[in-house]
Amino acid sequence: MTASPAPDLVVGDDGLARCRWVGSDPEYRRYHDEEWGRALHGDRPLFEKLSLEGFQAGLSWITILRRRPGFREAFDDFDPAVIAGYDDARVEALMSDERIIRNRAKILATISNARIMLELTDGAPGALDELLWSFAPSARTARPAAMSELAAITPESEAMSAALRRRGFRFVGPTTMYALMQSSGMVDDHLVGCWRVA
């Protein structure tokens, strides 16, 4: 294997340098290459991202990523109109579904968040997209060169978290919201030397 060009990069067997957090996991590599840091728009895709980031709280993202197909099946492809109608029996079924993270508080939050999203977007398609992207910071003048330069919380993620909480959304803390900003391309935290840097 070729030596990494920098301590916070890893070079894969394809010869491409990537952000170190990818490691050698093929699914992490695919996610890094195809999704992380790329602009994601649309109410439903962003609702899915918001939901999965909430389930990720306290866990590693790879745990969620590997279970994402199961999450999508269990939660009706994250259609908020369907999820908003889940009843107690459906909650119990989800608590028995080994394909997902069986955390009652997170399941209930996803249902509640779906109902709030429907209110937000009623007669205003794109309102969730517009709300979340309104907190995207201006492009930075210098790309981070090391993992130590990456934030866990920013003023923008704190503001996003506060705005969502005011509307009643749950599991939307500022660290979780910064992870959402990274994964949906509101910020681009690929490091200097990563092949994904434009």
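View 1. Aspartate 8 counts as buried at 11% relative accessibility, where buried means under 20% relative accessible area, exposed over 50% and partly exposed in between (1.4 Å probe, protein chains only). The model is predicted: local features need pLDDT of at least 70, side-chain atom pairs count only at pLDDT 80 or more, and totals for chains, interfaces and linings use all residues. Residues are numbered from 1 along each chain as its sequence is written, and side-chain values use heavy atoms, without hydrogens and water.

**View 2. Salt bridge between aspartate 33 and arginine 18.** The closest N and O atoms lie 2.8 Å apart. Aspartate 33 is buried, with a relative accessible area of 11%, and arginine 18 is buried at 3%. Salt bridges that share partners join Asp13, Asp14, Arg18, Arg29 and Asp33 into one network.

**View 3. Aromatic pair of phenylalanine 75 and phenylalanine 78.** The two rings are stacked, at 5.5 Å centre to centre and 10° between the planes. Rings of Phe, Tyr and Trp (its six-membered ring) pair if their centres lie within 6.5 Å; planes under 30 degrees apart count as stacked, over 60 as edge-to-face and the rest as tilted. Phenylalanine 75 is buried, with a relative accessible area of 0%, and phenylalanine 78 is buried, also with 0%.

How values were computed: A salt bridge is a side-chain nitrogen of Lys or Arg within 4 Å of a carboxyl oxygen of Asp or Glu.
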